[in-house]
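This report describes selected features of a two-chain model. Please keep the sequence and the structure in view while reading.

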Amino acid sequence: MTLSHERTRALGALLLVVLLPCLVAWPGKARAQRRTLVVTPFERKFKIAIQPFVGDSVEANATGARIAQVVSSDLDFTGIFQPLNPNAFLEDARKIENIDFTGWQALGAEALVKGSVTPETGGMISVEARIFDVYKGSRVVGKRYSGPASEWRKIAHRIANEIFKYFTGDDGVFDTQITYAGKPNRLVKEVYVADFDGANVVQVTRNGSINNYPNWSRDAGQICFTSFKSGRPTLFVIGRGGHGARSVRPSSTILQGAWSPMSSELAVAGQVGVGNSEILRLTPDGASFVRLTNHPSIDTSPTWSPDGSKIVFVSDRSGSPQIYVMNADGSGQRRISYQGAYNVHPVWSPKGDRLAYAAMVGGHFDIFTMRPDGTDVAQLTSSGNNEYPSWAPNGRQIVFQSGRGAGTAIYVINANGSNLRPIIRAPGGATAPTWSGHIP
Amino acid sequence: MASSTFDSLFGGGIDPQLKRMVALSALAHLVLGLLAFLTLRSGPLPVDYNPAINVALVDLPEVTDLKDVKLGAPKPKQLPAPQQKKPEVKEAPQAKKIPEPEKKVFALEEQQKTTKRATESKSVKRENLQAKIESAVDRIREQQMAVARIRNRVPDSAMPEGTPGGNVRGIGALRVGYEAQLVMILRDMWELPPSFLGQNIEVVVSMHINPQGQIIDWSIERSSGNPSFDDTVYRAMTKTQQRQDLPVPDPAAYQLIKDGYEVTFNPLTFFQGETG
């Protein structure tokens, strides 16, 4: 009994000896305290190396070089990427295995693009594109595109979209177009369509009249515009390729129209009877309309919110042109712009978080953005005369008309005010651009 | 005696208690008058408003401290050593190179030194100017350091000197200086497509450093949910880990950081740079 008791005590002492260090060490472990660091970035472009795409023939190599060039200029256009100078590339463009990633790291590249072009039968080509993460040391995207050889440029835009999407998580705009009113001569204004970067200009109307304010349909398959072909302003709709033009409501004077992003309806500024300009909602065939505003002042420039629930417009009911918003049924009209005496051409961003508009500052117009409630006003341009903004479908850039120096041209600027660049010029000037959605 | 004087002035028959009180009052007035006389004769303490250098130092205590730690070059000329007198001045411990409040006292008390300091001020200004030019990059670093510290939300000044999160003197200063360099390198290595700028998304990385300053291990502890953004942090960390020129923490400061770091990458605020 006594022995057992002593044994128990001995065992207890042993346990104490074993456990004590653990108990002593435990609080020390608990005291382990990691420190916190917060890293905020520099604003700078993302460096990417794009090697010329290669082929087995001179022609394929030439096409490959052109594709790489277009991909490079597409990415450069965004102001987000910085394609590196190909002259600095040492690695064989054909090498797609055992790539020397440390060499690319030394060049400052974060990503690497390699590709190949293979001619197929029937005038088709097959283009393979491989995107590598230089620091992961692996291929992150690999795609093969096939199509008519003449569509090599479109394939290049698709590849650029793929790169943009992978590294930013956002959709690119390289499969979009811009429509605008251009003046081939002093007396005529026609509707044109160009790629997002101003390339591939196509004339859409050819009626020798004044055609203005073109605007894309939701699927980018049609364009509505105001034409003076009949002597007074009426609304027309035409296919993107310039086919199937028709007047929506020939008997009505319609100054400007905008497609709903959710349906085929149009919001237009037009005259009802002999009255002044009001905002109307028009059925796609123009057969009937709903009057949304009814005010002795001028109401004009309607555009939709991205969800189609609201319409923003300009009215001088307060004495000077200001921006107003209302529900799509005309209810809840209220003024939202209070900064500046002359605010016009409002357009809602695709994400719905901001409005772009033109405001008169010191006798000329500049492009501004603000929240839909009228707060947080930001000025994007400060020189020239800048009007008619329109958002890129990813909301990262804004296209607008700008009079700087000789004539009016189409410019693009990033939504934060950086990366301003002209994209379209026309002999007599180019005005009122609108950016399309993604074109299938 | 006082009583008889009193009697002679006001006549007899006065209450003796009243007499005592009047006498005490007269005595108190006499003492106060004497004190006032002595004080006024010595005049007020001279006040020196001249040396602007003191103001500059008071304005930027942290920056100066951090610079001292980083460059290892104290600025004795900004606080000229008094010439072996005044015990108040000797109180300043030598480790504290820039005790601002003491300097104010020093300026108040050492009026005669101001003229000497004025002659020195030209050379001091010249040195300051030179230092400004030479340390343009350092100042940017210090600003970034300050921003990082604010964002850390660590109550630095509330903790004792030399402790983790303590003020910026001693070991704490070594640690802060080291972390500022580390954050600067991480920022430099972080190539973020500008499309992410201004977004409140973040990746949290767990990271350990060895005494030689190398990153011995790191892992993404909390993803942003956006693979493209996570990848930017992955690349930044990989690049940083590969570098052979990472700063080496002071051995004493290393004890404060040996448990590792939680590094948050967040582009909500950013340093405007080359874009545009």
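## Helix α2 of chain A

Just after α2(A), G79(A) takes a positive phi of about 75 degrees. Helices (H or I, at least four residues) and strands (E, at least two) are DSSP runs, numbered from the N terminus. The model is predicted: local features need pLDDT of at least 70, side-chain atom pairs count only at pLDDT 80 or more, and totals for chains, interfaces and linings use all residues. Residues are numbered from 1 along each chain as its sequence is written, while chains are lettered from A and ligands numbered from 1 in the order in which they are written.

The helix α2(A) has 20 residues and spans 28 Å from its first C-alpha to its last. That is close to the expected 28 Å at 1.5 Å a residue, where the expected span is 1.5 Å times one less than the number of residues. Its buried residues include A60(A), T63(A), G64(A), I67(A), A68(A), V70(A) and V71(A). A residue is buried if 20 or more other C-beta atoms lie within 10 Å of its own, exposed if 12 or fewer, and partly exposed in between, with C-beta atoms placed from the backbone. The buried residues of α2(A) pack against β2 (46-50), β3 (81-83), β4 (111-119), β5 (124-133) and α4 (152-168) of chain A. An α-helix has 3.6 residues a turn, so residues three or four places apart point the same way.

## Residue A68 of chain A

A68(A) lies in α2(A), which covers residues 58-77. A68(A) counts as buried because it has 25 C-beta neighbours inside 10 Å. Apart from neighbours within four places in sequence, A68(A) is in contact with I50(A), Q51(A), P52(A) and F53(A). Two residues are in contact if their C-beta atoms, placed from the backbone, lie within 7 Å.

Strands of a sheet pair through backbone hydrogen bonds, either parallel or antiparallel. Here two strands are taken to pair if DSSP finds at least two bridges between them. One open sheet of chain A has 4 strands in the order β14-β15-β16-β17, with antiparallel pairing. β14 (254-259) and β17 (289-291) of chain A are at the edges with a single partner strand each, so one side of each has no neighbour in the sheet. From one strand to the next, the twist averages 30 degrees; axes are lines fitted to C-alpha atoms, for helices over the stretch in contact, and angles run from 0 to 180 degrees between N-to-C directions. Within this sheet, β15 (266-271) and β16 (277-282) of chain A run antiparallel and are joined by 6 bridges. A267(A) has R281(A) in β16(A) as its bridge partner.

Another open sheet of 4 strands in chain A has the order β18-β19-β20-β21, also with antiparallel pairing. Its edge strands are β18 and β21 (334-335) of chain A, each of which pairs on one side only. In β18 (299-304) of chain A, 6 of 6 residues are buried. Antiparallel pairing of β18(A) with β19 (310-315) of chain A runs over 4 bridges. T300(A) is opposite V314(A), and T303(A) is the bridge partner of V312(A). The two strands β18(A) and β19(A) form a hairpin with 5 residues between them, and G308(A) in the turn has a positive phi of about 75 degrees.

Most residues other than glycine have a negative phi, and most peptide bonds are trans. D376(A), not a glycine, has a positive phi of about 55 degrees. D376(A) sits in the loop between β24 (364-370) and β25 (378-379) of chain A and counts as exposed, with 10 C-beta neighbours inside 10 Å.

A432(A) is not a glycine either, and its positive phi is about 45 degrees. A432(A) is in strand β30 (430-435) of chain A and counts as buried, with 25 C-beta neighbours inside 10 Å.

Chain B has 11 helices and 3 strands. Of its 276 residues, 24% are buried.

The contact between the chains takes 43 residues from chain B and 29 residues from chain A. On the chain B side, α10(B) gives the most, with 7 residues. β1 (35-39) of chain A pairs with β3(B) in the parallel sense over 5 bridges, and V39(A) has F265(B) as its bridge partner.
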